[in-house]
Amino acid sequence: MTQNWGMTIPFQDRSLAGSRELVEQLPELGYTDVWSAEVSGVDGFVPLALAAQWAPGLRLGSAIVPVSTRGPGLLAMSAATLADLAPGRFTLGIGSSSPVIVERWNAGTFARPYARTRDTLRFLRRALAGEKVSEAYETFEVGGFRLERAPEVPPKIVLAALRPRMLRLAAEEADGAITNWLSPEDVRRVRAEIGPDTELIARLFVIVSEDAERVRALARRMLAAYLTVPVYAAFHDWLGRGEVLRPMHEAWAAGDRQAAVRAIPDEVVDALVVHGDAATCRARIREYVAAGLDTPVLAPVAGGEVPIAEAVRALAPGA
């Protein structure tokens, strides 16, 4: 079994301020990592800064912060701050994000996502090493930027990657790849692109519940919201689900959201969402690890009959 067993923070059913007690328990439960996210709730850095103090033994990771919602220098400053708070324990996860998040919500420009991610990665490598950076990259230009206080231990940088080109970039220039919404069988496909030596991290959505129909109803709404995003649609086309998901995409394009949700087959839900009693869920997570996943990052979902805090304890590796 992998040495890594991560948890997403903050927890879905409580505020960041209300998460301290449960975060403090994670190391004794056997969790090794906490990973934040950044969509429209908490930002990607503050939860990790707090976790650095609440649970000093944990690895901290962002999964992910977008490369187009902050300037390169600000992104470097935020990463340097976390690396200073938790030397050797912070991993910066970056990614292209989506047009909705970058443009509609943050007034940015979502253009050339692969190139922007690559250029940001290359800039961050130099900036976090303490270099003075003056460079005209393909997607932006930086003139004379240097961190006032570069971290003694530069953080590892991992990339959100869903398809071969970005996965290969993660393997060749970054320290790992982050993915999500995939099955254990899909892990093997992703692992084949990055090789055996690149860390593979995935967020796994978990609903601890034996009520399969209730779980599927909840999970379908989550899946429809994600799998209709163009980057995820392309990801699942590449994974071979294009035809089975076609009715969902057609209903979504026609504006019938309810029909789109109903069109997601049970087998897709069961492949992409971990559910069942706690022992069944732990066994399913280990299937991901056996398939080549280095770092499972659990994201317990509220809505099952088991409260989040109880699920966190029951899903621990030694439970």
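**Getting to know this predicted model**

Q: Is G242 buried or exposed?
A: In this predicted model, G242 has a relative accessible area of 19%. Buried means under 20%, so G242 with its 19% falls on that side of the cut-off. G242 is therefore buried.

Q: Where is G242 found, and with which residues is it in contact, leaving aside its neighbours within four places in sequence?
A: G242 sits in the loop between α9 (230–239) and α10 (246–253). Once the neighbours within four places in sequence are left aside, the contacts of G242 are H236 and D237.

Q: Which elements are included in what covers the buried residues of α2?
A: Let's start with the helix itself: α2 runs over residues 46–54, and P47, L48, A51, A52 and W54 are buried in it. Their cover includes both helices and strands, namely α1 (20–29), β2 (33–36), β3 (59–62), α3 (72–85) and β5 (90–95).

Q: How are α3 and α5 oriented to each other?
A: Helix α5 spans residues 113–128, and its axis comes within 10 Å of the axis of α3. The two axes cross at roughly 50 degrees, and the crossing is right-handed. Angles under 35 degrees count as roughly parallel and 65 to 115 as roughly perpendicular, so α3 and α5 are oblique to each other.

Q: How many nonpolar residues does the contact of α3 with α5 have?
A: From α3, the contact is made by P72, G73, L75, A76, A79 and A80. From α5 come R116, T120, F123, L124, A127 and L128. By class, the contact has 1 charged residue and 2 polar ones, while the count of nonpolar residues is 9.

Q: How many residues apart in sequence are the parts tied together by E138 and R112?
A: E138 and R112 form a salt bridge, with the closest N and O atoms 2.6 Å apart. E138 is exposed, at a relative accessible area of 52%, and R112 is partly exposed at 47%. E138 lies in the loop between β6 (133–136) and β7 (141–145), and R112 in the loop between α4 (99–104) and α5, so the parts they tie together are 26 residues apart.

Q: What is the phi of A107?
A: A107 is placed in the loop between α4 and α5, where it is exposed with a relative accessible area of 74%. Its phi is positive in a residue other than glycine, with a value near 55 degrees.

Technical notes
Residues numbered from 1 in each chain as written. Predicted model: local features only at pLDDT ≥ 70, side-chain atom pairs only at ≥ 80, totals over all residues. Heavy atoms only, no water. Buried < 20%, exposed > 50% of the residue type's maximum accessible area, 1.4 Å probe, protein only. Helix = DSSP H or I, 4+ residues; strand = E, 2+ residues; numbered from the N terminus. Contact = heavy atoms within 4.5 Å. Axes fitted to C-alpha atoms, helices over the stretch in contact; angles between N-to-C directions. Parallel < 35°, antiparallel > 145°, perpendicular 65-115°, else oblique. Left-handed = near helix turned anticlockwise from the far one by under 90°. Nonpolar A, V, L, I, M, F, W, Y, C, P; charged D, E, K, R; others polar. Salt bridge = Lys/Arg side-chain N within 4 Å of Asp/Glu carboxyl O.
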